[in-house]
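Good morning, and thank you for making time for this item on the agenda.

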Amino acid sequence: MQQDKKNSPLNVIILAVVLCVVCSLVVSTAAVGLKSLQDKNVALDRKANLLQVTGFEDLGTSADINELFGQRFEIEIIDLETGEPAVAKAMAALNEVGKKMKNEEETLVKYDQVWASKSKKDSVSDQLSKDEDTIQIKYREKFSHVYIMKSESGKVEKYVFPVRGYGLWSMMKGYLAVEPDLQTIAGLTFYDQAETPGLGGEIKSVKFKAQWPGKQIYGAKGDVRVQVVKSAPDDQYSIDALTGATITSNGVSKMMKYWLGDQGFGPYIKLKKQSQPEAANTTMVTTGEKTNG
Ligand SMILES: Cc1cc2nc3c(=O)[nH]c(=O)nc-3n(C[C@H](O)[C@H](O)[C@H](O)COP(=O)(O)O)c2cc1C
C-alpha cells in the first residue's frame, strides 16, 4: 500500500519537475559561472590564430601567447567607409546602442564586429543591398579591427584583417595577413567554420593554407584579382579550389573580393599606401562612391 502511494502519478510528476528544475539550475549556474572562462579562451584562441597567421610557431602556454601578442601586436579600430582610425567614434557608437565601453582601451579589446553587424543598429552597422551582399552578412559593421604585427624594433611586419563570408553551411571566419606592401598576401587562417570535414572543412588544411603566401591582391587597375578557382592557372593571383567543395571555395573567393574591395578594407589600404613609403610604389586601390543602401 505504502509502495503504491510512492509510485503514484502525482509523485512521479513532482519528482520529474524537481529533477528538471535542479538540472536547469545546475546547467545555467555552470553556464554563467564559466562565461568569463569561455570568453578568455576565445580571446586566447584569436590571439593564437593571429600569431600563427603572421608566422609564429610553437606558441607555448597561454601566458606565452598573451605575452608575445602583447609585445608584437597593435590593435586598431577603423571606420570601414573612410579607412581612418576610429576608436573614439566606435566607442561613442557602442555607448549609444547600450554596449557601455569605459574607455578606448576597453573598446579596442572588447569590440565585437560580428555582433555589431548582427545587431542591425544604425549607429554600428549598414544594411547591404542584395547585390552588395556577396558574402551573406546582410548588414556590414561600420567599424572593424585591424591588427598590426611589428618587429621587436617596432617596424610594421604584417597587417591582419578579420574576414568572413558564407560557405555552404556556415559563416567562415578568419584572418588574412598581408605584407607591409599591402599587395602581397602573407597567409590566411580560419578560426571558426562549420563546413564538412574532408570537403569544405579543408579550408583549414595545411595544403590549402600553403597556397596563399606570396599571392598578389590587386591587378594593375586596382581591382581585386586574388581568387579561388577550379584548375587554377599557375599565376600570382590564383588559388586552387578544394576538390568536391566548390561552394566553400567560391565563398572564400567572394570573401577576398569583398573584404579587400571598397566595402571592406580597400579605403584603409589606399590610405596606408599613400602614407607609407614601403607601400607607395605598389598598385593603388581605387575606392568608389559610398554604396551602402
Ligand atoms: C554530405 C555532403 C556534404 C557536403 N559538404 C560540402 C562542403 O562543405 N562544401 C562544399 O563546397 N560542398 C559540399 N558538398 C558538395 C556540394 O553539394 C557540391 O556538390 C559541391 O560543392 C560541388 O563541388 P564540385 O564541383 O567540386 O564537385 C557536400 C555534399 C554532401 C553530399
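I start with a definition: a residue is called buried if 20 or more other C-beta atoms lie within 10 Å of its own, exposed if 12 or fewer do, and partly exposed in between, with C-beta atoms placed from the backbone. Helices (H or I, at least four residues) and strands (E, at least two) are DSSP runs, numbered from the N terminus. Please keep in mind that this is a predicted model, in which local features need pLDDT of at least 70, side-chain atom pairs count only at pLDDT 80 or more, and totals for chains, interfaces and linings use all residues. Residues are numbered from 1 along each chain as its sequence is written.

Let me begin with the chain as a whole. It has 293 residues, of which 34% count as buried. Its secondary structure amounts to 10 helices and 9 strands. Along the principal axes, the C-alpha atoms fill a box of roughly 95 × 50 × 45 Å. Two residues are taken to be in contact if their C-beta atoms, placed from the backbone, lie within 7 Å. Of the contacts between residues at least 6 apart in sequence, 52% join residues at least 24 apart.

I turn now to helix α4, residues 87-96. Which of its residues are buried? They are Val87, Ala90, Met91, Ala93 and Leu94. These residues lie on the same side of α4, because they cover an arc of only 165° around the axis; the arc is that of the directions from the helix axis to the C-beta atoms. The face turned away from the buried side of α4 carries the exposed residues Ala88 and Glu96. Among the elements that cover the buried residues of α4 are β1, α5 (104-110) and β4 (143-150). Just after α4, Gly98 adopts a positive phi of about 90°.

Helix α5 contains Glu105. Glu105 is exposed, because 12 other C-beta atoms lie within 10 Å. Between the C-alpha atoms of Glu105 and Val12 there are 55 Å, and the two residues are 93 apart along the chain.

Next, the sheet. Strands pair if DSSP finds at least two bridges between them. An open sheet is formed by 5 strands in the order β1-β4-β5-β6-β7, with antiparallel pairing. Its edge strands, each pairing on one side only, are β1 (73-79) and β7 (185-192). On average, neighbouring strands of this sheet are turned by 25° against each other, direction ignored; the axes behind this angle are lines fitted to C-alpha atoms, for helices over the stretch in contact, and angles run from 0 to 180 degrees between N-to-C directions.

Strand β6 (residues 171-178) is joined to β7 by 6 bridges, and the two run antiparallel. Tyr175 has Thr189 in β7 as its bridge partner, and Lys173 stands opposite Asp192 in β7. The hairpin of β6 and β7 has 6 residues between the strands, and in this hairpin Leu182 takes a positive phi near 55°.

Asp58 has a phi near 45°, positive in a residue other than glycine, and is placed in the loop between α2 (9-53) and α3 (62-72). Asp58 counts as exposed because it has 5 C-beta neighbours inside 10 Å. Gln136, likewise a residue other than glycine, has a positive phi near 60°. Gln136 lies in the loop between β2 (125-127) and β3 (139-141). With 13 other C-beta atoms within 10 Å, Gln136 is partly exposed.

Around the ligand are Leu168, Trp169, Glu195, Thr196, Leu199, Gly200, Thr243, Gly244, Ala245, Thr246, Ile247 and Thr248; a residue is near a molecule if its C-beta atom, placed from the backbone, lies within 6 Å of it. By class, this shell has 5 nonpolar, 6 polar and 1 charged residues. Here Ala, Val, Leu, Ile, Met, Phe, Trp, Tyr, Cys and Pro count as nonpolar, Asp, Glu, Lys and Arg as charged, and the others, Gly among them, as polar.

Finally, Lys230 is located in the loop between β8 (227-229) and β9 (238-240). Why does Lys230 count as exposed? Lys230 has 11 C-beta neighbours inside 10 Å. Not counting residues up to four places away in sequence, Lys230 touches Ala241 and Thr246. Lys230 and Ala245 are 9.9 Å apart in space, C-alpha to C-alpha, and 15 residues apart in sequence.
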